[in-house]
Amino acid sequence: MLIRKKSQLLLAVAALTVCGGVAATFYLTAGQYKAYSPSESGKLVPDEAIMATFVSATPHVLSELQNFGTPEAQALVSRGIKIFQQQSLAGATINFNRDIEPWIGGVMVALLPTDGIKPVTDAQLLMVVGIKNKWKAWQFAQKLKASSDVKSQQSQYRGVTLSSYTEKTGKQYSVAVINDQVVIAANPETVKRAIDTFMGSPSLISLSGKSDLFFKSANLANPLVTVFITDYDRLTQDLSATWPDAARLSLNSLSPLKPIQSMVIGVGVEGDGIRLKAMAQLRPNGTVSQSTEEFGKMINRFPSETIALVNSHDLHQVWLQFLTLGENNPDLKKITSQIRLGLEAINLDADTEVFGWMDGEFALGAIASEKGVLASLGLGGVLLIETSDRLTAETMLNKLDTIVAGGNPPINIEQRSLSGIEVTEWNDPKQGTLFGHGWLSQNLMFVAFGGPVVEAITKEPQQPLNRSQRFQEISKSLPSYHHSYVYLDIEKITSWAMGYLLASPAIALQPNRMTMLNSIRGVGISASFPDAAEVDVEMLLVLKPKT
């Protein structure tokens, strides 16, 4: 695979091939080998690295992976990996399984800044590959040297042999073996920087603070992939300059993440599935919206039939952030403008009458039901919003009631009491209750779609969502204290979609996507703020056991 590298893009493809190939190959066939850690590979990466990614396919982690997925999903992954390897090695005499996999250990890929002379587009990729089998690695090196399509020459730099390879097409790459690890880069100067680092120059592992999390693999018990972004601003600048076609991911588009200074992202394998953890360190002037200690109590109001839930805080602040981002993002500005115009058409001001009073906790859930008006759809929805300004909220609701009552055809606005809660309902003479709204407490408003859901949300559920077996399976190991939370019962959502949404051939999912969905039981995501300078996001992808 090494004979196909010169440009940054080709080197990136090669890195992905190695990373994906190592993980996927052992996903299907486990083997014994020497495992490398981020701390070992980090000794060869200069401390000015903008980001670094480490892939560690240890036997234990990969054996855990083999316990998940349907046969169809495993076959799909296997085919995808094989096709990717064939395309990446097209035209080469290199076979991944035969020539590369037998000697590769852990893999680190780092992005280094320029030396200050070359333009930003010349930022260099450095790949550090651990050697788990020296004999197999030597055989691979001999095969490269013997190839008539590649010319090689050796030189010495600080006592280390630096091999430079040139293809007939003029493509070049440089390789050095340092302490049982192979260092690869398109530019020989990048390899020399790695040698200097090994000889004593500051390395990635010498960084203090949040870099410690990187070498602990984001605190995951069984890490598979770990990404460490040391300088988020510099990374976005380099990406924007290197790939100008990705204009939609420009600095302005990524402005929601500007408060971030550095970030650690880890992916690991556990008994229930795959866990992702992301920890972002904010800049000194970065701010976050803290929640109260009582945040999260709304989940108790949702019944076990809830198949999806989003729980967070302060919709008013979210709206203000969207408006700020829209100043530099035309697409987002168009969306916010359309929302404002749509509300103005019914005599509502978006800033004051709609979002202005939504300053507390909120939760949006989808609840399965096949009763009444929901029989044809299979589910209804509920929005709970906590507010410190009940008067303004009631003003908005009264305006909506008046508009609906005067529509064509008109909808009946009726009042009734459910479980001691005064409810206002929009009733269609033919279909029954379409919507209902009311107050569950002095400052907690609800809006529900579908009569059965209106009735369900106005009473304490006999089996609340957070006590259900499925919720516990998906969320039991996520942090209990959080600022935002997402719960998705993928198994039930897929079943609902197959029965109601995907029955139409026009919107049917591709078979491959359905195969992957059928391997997932659920998803839980939690976001929290341990302190004012850190944001933690944790996701658990619960997979079905291997069948």
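Predicted model: local features only at pLDDT ≥ 70, side-chain atom pairs only at ≥ 80, totals over all residues.
Which residues of α11 are buried? Residues are numbered from 1 along each chain as its sequence is written, and side-chain values use heavy atoms, with hydrogens and water left out.

**View 1. Helix α11 and its buried face.** Helices (H or I, at least four residues) and strands (E, at least two) are DSSP runs, numbered from the N terminus. The buried residues of α11 are L332, T336 and L343; buried means under 20% relative accessible area, exposed over 50% and partly exposed in between (1.4 Å probe, protein chains only). Viewed down the helix axis, these buried residues fall within an arc of 30°, so they line one face of α11; the arc is that of the directions from the helix axis to the C-beta atoms. They pack against α10 (315-326) and α12.

**View 2. D351 in helix α12.** D351 belongs to helix α12 (residues 350-354) and, at 26% relative accessibility, counts as partly exposed. Its contacts (heavy atoms within 4.5 Å), leaving aside neighbours within four places in sequence, are H316, W319, L323, R340 and G356. The side chains of D351 and W319 are joined by a polar contact of 2.8 Å. A polar contact is a pair of N or O atoms within 3.5 Å; within protein, one must be able to donate a hydrogen and the other to accept it, and residues adjacent in sequence count only if both atoms are side-chain atoms. The C-alpha atoms of D351 and W319 are separated by 8.3 Å, with the two residues 32 residues apart along the chain.

**View 3. Strand β8 and its partners.** In strand β8 (residues 223-229), 6 of the 7 residues are buried, so the strand is largely enclosed by the rest of the structure. Two strands pair if DSSP finds at least two bridges between them. Strand β1 (residues 51-55) pairs with β8 in the antiparallel sense over 5 bridges, and A52 has F228 as its bridge partner in β8. Strand β9 (residues 260-269) runs antiparallel to β8, joined by 6 bridges, with V225 opposite V267.

**View 4. Two nonpolar cores.** A nonpolar core is a set of buried Ala, Val, Leu, Ile, Met, Phe, Trp, Tyr and Cys residues joined through side-chain atoms within 4.5 Å. The largest has 32 residues, and F302, V382, L384 and F446 have the most contacts inside it. Apart from it lies another core of 29 residues, among them W103, Y165, V182 and I229.
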